Amino acid sequence: MTSLTEAAQNGAAASPAEPVVRAEHVWKLHKLGDEVVKALVDATLTVQPGEFACLMGPSGSGKSTLLNIIGGLDRPTKGTVFIDGRDTAALSESQFAALRHDTVGFIFQSYNLIPFLSAVENVELPLMFEPVDRTALRRRAMDLLELVGMSHRASHQPAKLSGGEQQRTAIARSLIGQPRLVLADEPTANLDQRTGAVVVRLLRDLCSRMGVTVVASTHDPLVAEEASRVLRMQDGRIVSTTGQPHPPEA
Ligand code: ADP
Ligand code: MG
């Protein structure tokens with residue numbers, strides 16, 4: 001089992017030259033009766049450590065599909081995905097679950113906080129059923145709440161928090177396992193523009209401070225403005241990349 005310290009060491013152990021995400025010619029097809037829906041078409045991307053990459057595109061363009069495949073919540077129909085240098089096609093479901101557990105944090109549009117747990121318990125949740133030291137876990141959860149400006153709301157349940165506060169709590173939760181990669185699917189879609197901008201800036205700053213790599217999806221240009229790289233998606237394809245030059249493809 002992974003302790004907090006071991007998780008940190010895992011994070012530090014990977015080679016700095018290794019991209020955190022390398023996806024090559026990834027397709028996702030869904031059969032719907034006689035029809036085939038092309039959710040993802042020949043997507044190739046590389047995300048380097050410390051990047052804040054943003055998938056930008058209209059509803060239905062394949063953003064969630066790509067994020068879910070990167071995070072191992074879904075498998076591609078075709079193509080390869082390397083996470084931290086590991087070929088995910090070679091992993092069993094349980095090996096992928098272990099990689100996800102040690103490496104990836106998730107943030108969702110609808111926050112996905114557990115309603116009957118307090119904010120600090122929600123932050124602890126990913127590690128709550130593991131043999132980690134309770135006192136150290138609570139301290140770390142409180143530290144993360146402090147970082148996102150939520151320590152004064154630690155004992156509140158989600159229903160008592162605003163949308164922005166719930167998403168800040170969810171950001172703290174995504175970081176509890178000291179992930180190398182945070183995947184955020186439309187993290188500001190349920191927030192007003194100003195709160196959304198605050199949340200995204202917070203996510204970006206935290207991640208740059210903690211050396212975490214972020215891939216976020218959005219159709220909000222304000223979110224994209226905070227990103228170091230914007231990958232535009234349309235009809236399942238990555239149609240353009242702006243920001244840092246796209247690293248050479250193998
Ligand atoms: P986005 O997140 O950009 O809104 P999605 O990745 O959710 O887009 O979806 C991309 C396309 O794939 C859409 O046309 C969607 O309807 C389709 N799609 C996604 N999941 C499924 C599924 N399980 N079965 C059939 N079609 C799907
Ligand atoms: Mg989506």
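## Strands β1 and β4, and the sheet around them

Let's start with a pair of strands in this predicted model. Strand β1, residues 21-32, pairs with β4 in the antiparallel sense, and 5 bridges hold the pairing. For one spot to look up, take Glu 24: its bridge partner in β4 is Thr 80. Helix α2 packs on this sheet and touches β1, β2 and β4. If you compare directions, α2 makes about 60° with β2.

How many strands does the open sheet hold, and in what order? There are 4, and they go β2-β1-β4-β5, with antiparallel pairing. At the edges you'll find β2 (35-47) and β5 (86-87). Each of these has a single partner strand, so one of its sides has no neighbour in the sheet.

## A proline in a loop

Now hop over to Pro 76, which sits in the loop between α2 (63-70) and β4 (78-83). Is Pro 76 buried, exposed or partly exposed? Its relative accessibility is 26%, so Pro 76 counts as partly exposed; the buried class is under 20% and the exposed class is over 50%.

If you skip the neighbours within four places in sequence, Pro 76 is in contact with Val 26, Trp 27, Lys 28 and Ile 69.

## The six-stranded sheet

There's another open sheet to trace, made of 6 strands in the order β6-β7-β8-β3-β9-β10, and its pairing is mixed. β6 (104-107) and β10 are the edge strands here; each has a single partner strand, so one side of each is left without a neighbour in the sheet. Going from one strand to the next, the twist averages 20°. Helix α3, residues 93-103, packs on this sheet and touches β6 and β7, with its direction at about 75° to that of β6. Helix α7 also lies across β3, β6, β7 and β8, running at about 145° to β3.

Look at β3 in particular. It runs parallel to β8, joined by 5 bridges, and Phe 52 stands opposite Val 214 in β8. β3 also runs parallel to β9, this time with 4 bridges, and Cys 54 has Val 230 in β9 as its bridge partner. How many of the 5 residues in β3 are buried? The count is 5 of 5. Phe 52, Cys 54 and Met 56 point one way from the strand, while Ala 53 and Leu 55 point the other way.

## A hairpin at the end of the sheet order

Follow the chain to β9 (residues 229-234) and β10 (residues 237-243), and you'll see two strands that run antiparallel and are joined by 6 bridges. In this pairing, Arg 232 stands opposite Ser 240 in β10. The two strands form a hairpin with 2 residues between them. One residue in the turn, Asp 235, has a positive phi of about 50°.

In soluble globular proteins, nonpolar side chains tend to be buried together. In this chain, the largest nonpolar core has 40 residues, and the ones touching the most other members are Leu 145, Val 148, Ile 171 and Leu 203. Several elements give two or more residues to this core, including β3 (52-56), α5 (134-147), α6 (163-175) and β8 (213-218). Which helix gives the most to this core? That's α7, with 6 residues.

Zoom in on Ile 171: leaving out residues up to four places away in sequence, Ile 171 touches Ile 107, Val 148, Val 199, Leu 202, Leu 203 and Leu 206. Apart from this core lies another one, of 26 residues, and Leu 40, Val 81, Phe 96 and Leu 181 are among them.

## The whole chain

Finally, zoom out. The chain has 8 helices and 10 strands, and its C-alpha atoms fill a box of roughly 50 × 40 × 40 Å along the principal axes. A compact globule of 250 residues would have a radius of gyration near 18 Å, and the chain agrees with that, at 18 Å.

Buried residues make up 48% of the 250 in the chain. Among contacts with a separation of 6 or more, 73% come from residues 24 or more positions apart. The accessible surface comes to about 11,700 Å², and carbon and sulfur atoms account for 51% of it.

Note on methods: Residues numbered from 1 in each chain as written. Chains lettered and ligands numbered in written order. Predicted model: local features only at pLDDT ≥ 70, side-chain atom pairs only at ≥ 80, totals over all residues. Heavy atoms only, no water. Pairing = 2+ DSSP bridges. Buried < 20%, exposed > 50% of the residue type's maximum accessible area, 1.4 Å probe, protein only. Contact = heavy atoms within 4.5 Å. Axes fitted to C-alpha atoms, helices over the stretch in contact; angles between N-to-C directions. Rg over C-alpha atoms; globule rule 2.2 N^0.38 Å. Areas by Shrake-Rupley, 256 points an atom, 1.4 Å probe, with all protein chains shown as cover. Core = buried A, V, L, I, M, F, W, Y, C linked by side-chain atoms within 4.5 Å.
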